[in-house]
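Please examine the sequence and the structure shown below. The paragraphs that follow lead through the salt bridges, the disulfide, the nonpolar cores and the aromatic rings.

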Amino acid sequence: QVQLVESGGGVVQAGGSLRLSCAASGLTFSSHAMGWFRQAPGMEREFVAGISWRGGESYYSDAVKDRFAVTRDNVKNTVSLQMNSLKPEDTGVYYCAAYRTPNSQFYDSNYKNHLAYEGWGQGTQVTVSS
């Protein structure tokens, strides 16, 4: 059973930074692409960032590109999201998730699809004040 535990959220002023972490268990971590999603109150869950199973490719939504960076450590079974230049619109609950298909050759065409992920944790709250 895939288990993912997010941490690192908090309250920060606009322009500040936070680093989120996600600890994974119950899967062969190094074989699965990983994604970060977020959900603001009253809004649908949206893709934020993703990283391929080997870690060589990363993907970002237009809203966070050039401000956020996703990395992974396949030894420690963790994936992280460094968030810089935070804006009030970045506020929400942030979730990490594991791409269902191991060693996928099609992640680059499907990374935004939340239905393709599993192991959703409880998330971590990020609040950016103006």
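**A guided reading of the structure**

The side chains of Asp-90 and Arg-38 meet in a salt bridge, with N and O 2.9 Å apart; the term denotes a side-chain nitrogen of Lys or Arg within 4 Å of a carboxyl oxygen of Asp or Glu. Because Asp-90 lies in the loop between E8 and E9 and Arg-38 in strand E4, this pair ties together parts that are 52 residues apart in sequence. Strands (E, at least two residues) are DSSP runs, numbered from the N terminus. The model is a predicted one, in which local features need pLDDT of at least 70 and side-chain atom pairs count only at pLDDT 80 or more, while totals for chains, interfaces and linings use all residues. Residues are numbered from 1 along each chain as its sequence is written, and side-chain values use heavy atoms, with hydrogens and water left out.

Asp-90 also forms a salt bridge with Arg-67, the closest N and O atoms being 2.8 Å apart. Glu-46 in turn pairs with Arg-38, at 2.6 Å between the closest N and O atoms.

The structure holds 1 disulfide, a term for a pair of cysteine sulfur atoms within 2.5 Å. Cys-22 is joined to Cys-96, with the sulfur atoms 1.9 Å apart. The torsion about the S-S bond is about 50°, so the disulfide is right-handed. Since Cys-22 lies in strand E3 and Cys-96 in strand E9, the pair ties together parts that are 74 residues apart in sequence. Cys-22 is buried at 1% relative accessibility, and Cys-96 is buried at 0%.

In soluble globular proteins, nonpolar side chains tend to be buried together. The largest nonpolar core has 26 residues, of which Trp-36, Val-79, Leu-81, Met-83 and Tyr-94 touch the most other members. Such a core is a set of buried Ala, Val, Leu, Ile, Met, Phe, Trp, Tyr and Cys residues joined through side-chain atoms within 4.5 Å. Strand E3 gives the most to this core, with 4 residues. Apart from it lies another core, of 10 residues, among them Ala-33, Phe-37, Tyr-107 and Ala-116.

Aromatic rings also pair with one another. Rings of Phe, Tyr and Trp (its six-membered ring) pair if their centres lie within 6.5 Å; planes under 30 degrees apart count as stacked, over 60 as edge-to-face and the rest as tilted. By this rule there are 12 aromatic pairs. In one of them, the rings of Tyr-99 and Tyr-117 have centres 5.5 Å apart and planes at 80°, so the pair is edge-to-face. Tyr-99 belongs to strand E9 (residues 92–99) and Tyr-117 to strand E10 (residues 117–118), so the pair ties together parts that are 18 residues apart in sequence. Both Tyr-99, at 4% relative accessible area, and Tyr-117, at 0%, are buried. Tyr-99 and Tyr-117 belong to one aromatic cluster, whose members also include Tyr-95 and Trp-120.

Notes:
Buried < 20%, exposed > 50% of the residue type's maximum accessible area, 1.4 Å probe, protein only.
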